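Me: I've got a model open and would like to talk it through. Can you take my questions one by one?

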Amino acid sequence: MASDPPAQCCTTGFLHEGNPTGSLITIDNGIKAYLASPPASKAHAGVGILYVPDIIGIWQNSKLMADAYASEGYTCLILDLFNGDAAPLNMSDDFDIMGWIAKGSSGENPHTKEVIDPIILSGLKYLRDNGVKRIGAVGYCFGAKYVIRHYKDGIECGFIAHPSFVEAEELAAITGPLSIAAAETDSIFPMEKRHESERILIETKQDYQINMFSGVEHGFSVRGDPNVKVQRFAKEQAFHQAVSWLDSHLVDKREYGVKV
């Protein structure tokens, strides 16, 4: 495995301030989603982002991040992977995260790949049906797995942060560029998993990037404390890393080293 299964650190964090400006919508098969649209003056025509969230799903922080991607010119769609059964922020010590994945809170609403893969496909179809010809994807924690799994279904370029649950075979099968933001302290994506991922990515022959941020922990790019300088800096820089990567591979048509 290129990153370990989710744990309690996957929901630990801080609520960020702001007023989301996107819209809650329903797409194919009754799937709930959040759509953030760019201003017309900045929109990258025919380019969009599928945002695959952590286990807290569509919430204040993920909405604000989707809005931020929209402000950079990208149509951005967040999917409700969990059918209204997202995990709580700062879950209690007795929250059974693996049981929640296997069966959901009710025991009848699993959050396994057999359930989530079709939701991802519906999100990709929605983007294509609405004029998005080039699709990038960003995945956070739990969501990183599903960015990696769905290159084969039309994702051209990906960014993931502090990934969990990614299988080595899934990572080895990517068919496009991948950028990773990692935390110095991360029991789910520790040093040995980062190095394993590097070895796999070299073998893929795809463009890749791994940035590691000191002084932060798993979840920093979504749930970091904005009042702590090192956490605020890492969160902001991970976002800029994602935008720069997407800009380079989806918007900027120049080849490396070729002036146009």
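Predicted model: local features only at pLDDT ≥ 70, side-chain atom pairs only at ≥ 80, totals over all residues.

Me: What is the mean pLDDT of the protein, and which stretch falls below 50?
Reply: The average looks like this: 90% of the residues reach 70 or more, and the mean pLDDT is 91.

Me: Which residue in strand 7 stands opposite Ala161?
Reply: Strand 7 covers residues 178-185, and strand 6 pairs with it in the parallel sense over four bridges. The residue opposite Ala161 is Ala181.

Me: What is the bridge partner of Gly139 in strand 6, and which hand does the crossover have?
Reply: Strand 5 (residues 134-140) runs parallel to strand 6 (residues 155-161), with six bridges between them. Gly139 has Ile160 as its bridge partner. From strand 5 the chain goes through helix 4 (residues 144-149) to strand 6, and that β-α-β crossover is right-handed.

Me: How many residues of strand 6 are buried?
Reply: Buried here means under 20% relative accessible area. Strand 6 is mostly covered by that cut-off, and the count is six of seven.

Me: What span does helix 3 reach from its first C-alpha to its last?
Reply: Helix 3 takes in residues 113-129, 17 residues in total. At 1.5 Å a residue you'd expect 24 Å, and the model comes close to that, at 24 Å.

Me: Which residue just after helix 3 takes a positive phi?
Reply: The phi there is about 90 degrees, and the residue is Gly131.

Terms used
Residues numbered from 1 in each chain as written. Heavy atoms only, no water. pLDDT = per-residue confidence, 0-100. Helix = DSSP H or I, 4+ residues; strand = E, 2+ residues; numbered from the N terminus. Expected span 1.5 Å × (residues − 1). Buried < 20%, exposed > 50% of the residue type's maximum accessible area, 1.4 Å probe, protein only. Pairing = 2+ DSSP bridges. Right-handed = clockwise from strand over helix to strand, strands pointing away.
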